[in-house]
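User: I should like to learn how to read the features of a structural model, one at a time. Please give the general idea in each case and then apply it.

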Amino acid sequence: MTYASASTVLHGVCAAVFLVLTALVIIRGKVSRTGLYLAAAALATALWAGSIGIGGGYSRLASVLETLRLAGWALFTAHLLGGVLAEQRQVSRWTLFGPALAFTVACLGIELPIIPQLSGAWLALGDWVLKMMLGIWGFLLLENLYRNAIPESRWHINLLCIGIGALFVFAIALYADASLFHRLSPDLFVARAPIDTLTAPLIALA
């Protein structure tokens, strides 16, 4: 099986799994704000994987959807962390959401593109670095979520932290490698789809 065919199949499965996760969140009845954040992140992931599965590879659309899905999981985590910190002390929402939104806007500014005067190589490198930073910020939010949760409630979020943490860690590894070697690794690119697919059941159970 070639990289192209493997990527199509694996990303197609990933899209289907996250569509199911989105549907599970929506059909539960009245959807809370937390449920809306989760459904949006899961749907963005499904659309991202579907765009690669249908398109057969990386494209500008896939890049935009990748930014939106990383932002979705970062904002979902920021929302959960905001709820935990609100029980302990006042914290500005912009402190949690601001960096994620800034990285997202910067990525979209490159991908749409709004600054075409730069060369393609510099645009790609900037996009990869910003995506890596978005993943790092999301992981930092997740680490703070687990650390600030009261010990008695941590078992409720163990699977959630493992699932979302895997999404962020793999994104960081992929884009750190791409920034270092100035190209996306085919192995990491294809491997990301099954890794993301395996996180969906963990998030659903949590």
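This is a predicted model: local features need pLDDT of at least 70, side-chain atom pairs count only at pLDDT 80 or more; totals for chains, interfaces and linings use all residues.

Analyst: Glu143 has a relative accessible area of 34%, so Glu143 is partly exposed. Arg147, at 47% relative accessibility, likewise counts as partly exposed. The two residues form a salt bridge, with the closest N and O atoms 3.0 Å apart.

User: How many residues apart are Glu143 and Arg147 in helix α5?

Analyst: They are 4 residues apart in helix α5, so about one helical turn separates them. Elsewhere, salt bridges with shared partners join Glu66, Arg69, Arg192 and Asp196 into one network. The count of salt bridges comes to 7.

User: Which salt bridge links Glu111 to another side chain?

Analyst: The side chain of Glu111 meets that of Lys131 in a salt bridge, at 2.3 Å from N to O. Since Glu111 belongs to helix α4 and Lys131 to helix α5, the pair ties together parts that are 20 residues apart in sequence. Lys131 also forms a salt bridge with Asp127, where the closest N and O atoms are 2.8 Å apart. Lys131 and Asp127 both lie in helix α5, 4 residues apart, or about one turn of the helix.

User: Is Glu111 buried or exposed?

Analyst: The reasoning step is a cut-off: a residue is buried when its relative accessible area is under 20%. Glu111 has 5%, so Glu111 is buried. Lys131 has 0% and is therefore buried. Asp127 is buried as well.

User: How does one check the length of a helix such as α4?

Analyst: One compares an expected span with the distance between the helix ends. At 1.5 Å a residue, the 19 residues of α4 should span 27 Å, and the end C-alpha atoms are 27 Å apart, so the two agree. Among the buried residues of α4 are Leu96, Phe97, Phe103, Cys107 and Ile110.

User: How should I read a nonpolar core?

Analyst: In soluble globular proteins, nonpolar side chains tend to be buried together. Here the largest nonpolar core has 51 residues, of which Phe18, Trp73, Ile164 and Ile203 touch the most other members. Each of α1, α2, α3, α4, α5, α6 and α7 supplies at least two residues of this core. The largest share, 13 residues, comes from α3. A second, separate core has 7 residues, including Trp128, Met132, Ala178 and Leu184.

User: Which residues is Phe18 in contact with, leaving aside neighbours within four places in sequence?

Analyst: Phe18 is in contact with Ala42, Thr45, Ala46, Trp73, Asp196, Thr197, Thr199 and Ala200.

User: Which nonpolar residues form a patch on the surface?

Analyst: Val20, Leu24, Ile26 and Ile27 form such a patch, and together they have about 390 Å² of accessible area. Ile27 lies in the loop between α1, residues 3–26, and α2, residues 33–55. With a relative accessible area of 65%, Ile27 is exposed.

User: Finally, how should I read a backbone angle?

Analyst: Most residues other than glycine have a negative phi. His182 has a positive phi of about 60°, although it is not a glycine. His182 lies in the loop between α6 and α7. At 56% relative accessibility, His182 counts as exposed.

Conventions: Residues are numbered from 1 along each chain as its sequence is written. Side-chain values use heavy atoms; hydrogens and water are left out. Patches are made of residues with over 30% relative accessible area and no salt bridge: like charges are joined within 9 Å, nonpolar side chains (Val, Leu, Ile, Met, Phe, Trp, Tyr) within 5 Å. Accessible areas come from the Shrake-Rupley method with a 1.4 Å probe; for residues, only the protein chains shown count as cover. A salt bridge is a side-chain nitrogen of Lys or Arg within 4 Å of a carboxyl oxygen of Asp or Glu. Buried means under 20% relative accessible area, exposed over 50%, partly exposed in between (1.4 Å probe, protein chains only). A nonpolar core is a set of buried Ala, Val, Leu, Ile, Met, Phe, Trp, Tyr and Cys residues joined through side-chain atoms within 4.5 Å. Contact means heavy atoms within 4.5 Å. The expected span of a helix is 1.5 Å times one less than its number of residues.
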